[in-house]
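Welcome! Let us take a walk through this structure together, one stop at a time.

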Amino acid sequence: MKSIYKIVTLAGVAVLTTSCFNKERPNYQFMPNMYESVAYETYSEVPTTVFANGKEGQLPAEGSVPRGFQPEEYADTPEGLAEARLHLKSPLTADEKDLEKGKALYAIYCSVCHGASGDGKGNLVKREKFLGVPNYHDRELTEGGIYHVITYGLNSMGAHKNQLTQHERWLVTDYVLKLKSE
Amino acid sequence: MSSHYEAPIRKPLVIGKKSYHDITVDVARPVEGRANKLWWRVFAIALLAFLWGVGCMAYTVGTGIGTWGLNKTVGWAWDITNFVWWVGIGHAGTLISAVLLLFRQKWRMAINRSAEAMTIFSVVQAGLFPIIHMGRPWLAYWVLPIPNQFGSLWVNFNSPLLWDVFAISTYLSVSLVFWWTGLLPDFAMLRDRAITPFTKRVYSILSFGWSGRAKDWQRFEEVHLVLAGLATPLVLSVHTIVSFDFATSVIPGWHTTILPPYFVAGAIFSGFAMVNTLLIIMRKVSNLEDYITVQHIELMNIIVMITGSVVGVAYITELWVAWYSGVEYEQYAFLNRASGPYWWSYWLMMTCNVISPQVMWVKKIRTNILASFIISIVVNVGMWFERFVIIVTSLHRDYLPSSWTMFQPTFVDAGIYIGTIGFFFVLFLLYSRSFPVIAQAEVKTILKSSGEYYKKERDSKEGHQSLNH
């Protein structure tokens, strides 16, 4: 009988000590010496006394160019698009072209609307979330034009320059041209 | 009585005509009486020192190790010095109770209880330093190999600092058990003499229902012998492990194979000196001069002399090996000790540890209580400086001259040391008023063989008999 009391007491203590954890909140911490970063971490909030908008990610100075990056040659305007269609050529050499990589990137960023084969029948279109995605075969496409559209977007399509680097955009461009040719 | 033979050369260990009851009364008197004003004064001083030390420890832990005088070159100084010093002091207690038991030294019986108490209290002091010298003492439990949620991250068993953890914790627990089993018959005696219900209750709990049956005594003896057999290698290995903190390093002045036995010898040396200091006072204030006799003090002085000589030989060996090694770093380390900026601590250590125990060769000095008392304190000062010299002088100047620096303790370093001395005396003073400070059960076993009265009786009887023959 005595041992039953002991077991019950132990179990009770165990329940009591573990029941303080609330799933809605972060758990209790023991001596969180280096849990919180002293430096500002990416995407973290900073005091508004430091940056007015309270964000760690501040915009770079206008017109600055980081190393390893070329600003886009053609402007984000209909004229720019027209120019790019005519004159912008892929800088990728034959060695750099990688249809596998382009296909993978296309599958991630493009096929949900444009469809895996570029026929404009992506998942979202099939489910009628929205309509009006054209088939690549119905359009006049040049590599400069595709690159420009990926970079800045066109009509309903948003810009993808935040998702894809310049190199990746050229890879995708290459793959789109391949899809169109099929 | 006539069947008993003891060499007449042996001096009595219990002075006067004592009966078993007299021993009981003498041992129980300090416990059953009330503390006098002197006790309260000394206790108050010790308590204040202890509280001051607690404040310094809290300040260190709360503010950081930077409150100490350590720097980037000298990362260990007073903390480890005090740690090794206290551990060393503790070693005499086990030596007296275990090694002397194995060697059947009857004179240990009057002093073993207090020596063991001293062990336990000083190991407690020592145990504070490994914790508080940590930068993050609240994570001290990480030194234990406990299964955990860091993928069961374990400790590295290659560090002597981890061995220290095992050594000190084992040493403390074994000493405590050894001490306590020895206390059972004595607590039972106090229990049976208790007048107030409160003391009756307290000593009933402490004595674990000891009833002193033959079977109990038989097992008691066996347990004591086994524990003594265990404690003896323990006492040697614990201070060896402590010495490994230094000996296993690559620092010139630390990396020597002589350190383990030399540290153990130093531990016995300083420990016996401390026992002498404490018992010379205790025999006086607790009226135990008939039990802790001048012969006891003399024998402890002889051990101090022997171990002091061992330490002296070790110093000379180190110097010889440093010269013989041809290693310029090693040679410089010892040159620096003798003539560097800490020359005074080295020569103080040399004077206290090598010269002072040698005066014990003179019987007049080693049987003089005042001289013994002074030398016992001198020895402990010297042994503190021995640890200080080994640690600081080896660290502050080693391989790279660009890292040479000095060490300056702060008041916090000193405050914690004073605090541990205070804590030690708080414990020891409380002990001396609530515990039987002499193992009366053991002393009663030698009363009739080594008591002054009985020896005289026997001598006269034997003399009479031999005349008849």
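Cys110(A) counts as buried, at 13% relative accessibility, where buried means under 20% relative accessible area, exposed means over 50%, and partly exposed lies in between (1.4 Å probe, protein chains only). The sulfur of Cys110(A) has its closest cysteine sulfur in Cys113(A), but at 8.9 Å that is too far for a bond. Cys113(A), in turn, takes part in no disulfide, since its nearest cysteine sulfur is that of Cys110(A), 8.9 Å away. A disulfide here is a pair of cysteine sulfur atoms within 2.5 Å, and by this rule there are zero disulfides over all chains.

Before going on, a word about how to read all this: the model is predicted, so local features need pLDDT of at least 70 and side-chain atom pairs count only at pLDDT 80 or more, while totals for chains, interfaces and linings use all residues. Residues are numbered from 1 along each chain as its sequence is written, chains are lettered from A and ligands numbered from 1 in the order in which they are written, and side-chain values use heavy atoms, with hydrogens and water left out.

Now stay with chain A and look for Thr151(A), which belongs to helix H6 (residues 143-152). Helices (H or I, at least four residues) and strands (E, at least two) are DSSP runs, numbered from the N terminus. Is Thr151(A) buried or exposed? Thr151(A) is buried, with a relative accessible area of 0%. Leaving aside residues up to four places away in sequence, Thr151(A) touches Glu72(A), Ala159(A), His160(A), Lys161(A) and Arg169(A); contact means heavy atoms within 4.5 Å.

Next, see where the two chains meet. Four residues of chain A are in contact with four residues of chain B. The area buried between them is about 350 Å², with carbon and sulfur atoms giving 65% of it; buried area is the accessible area (1.4 Å probe) that two parts lose on being put together, summed over both. On the chain A side, Phe30(A), Met31(A) and Asn33(A) lose the most area to chain B, together 86% of what that side buries. The residues of chain A that touch chain B divide into three nonpolar, one polar and no charged. In this grouping Ala, Val, Leu, Ile, Met, Phe, Trp, Tyr, Cys and Pro count as nonpolar, Asp, Glu, Lys and Arg as charged, and the others, Gly among them, as polar.

How many salt bridges cross the interface of chain A and chain B? The rule finds zero, a salt bridge being a side-chain nitrogen of Lys or Arg within 4 Å of a carboxyl oxygen of Asp or Glu. Over all chains, though, the count comes to 18 salt bridges.

Asp290(B) forms one with Lys18(B), the closest N and O atoms being 2.8 Å apart. Asp290(B) lies in the loop between helix H8 (259-285) and H9 of chain B, and Lys18(B) in the segment before helix H1 (20-32), so the pair ties together parts that are 272 residues apart in sequence. Asp290(B) is partly exposed at 27% relative accessibility, whereas Lys18(B) is buried at 13%.

Another salt bridge joins Arg337(B) and Glu318(B), whose closest N and O atoms are 3.9 Å apart. This pair links distant parts of the chain, with Arg337(B) in helix H10 (residues 328-339) and Glu318(B) in helix H9, 19 residues apart. Arg337(B) is buried at 2% relative accessibility, and Glu318(B) is buried at 5%.

The side chains of Asp216(B) and Arg213(B) also meet in a salt bridge (3.4 Å, N to O). Here Asp216(B) is buried at 17% relative accessibility, while Arg213(B) is exposed at 54%. Finally, Lys11(B), Glu298(B), Lys363(B) and Arg366(B) are linked in a network of salt bridges.
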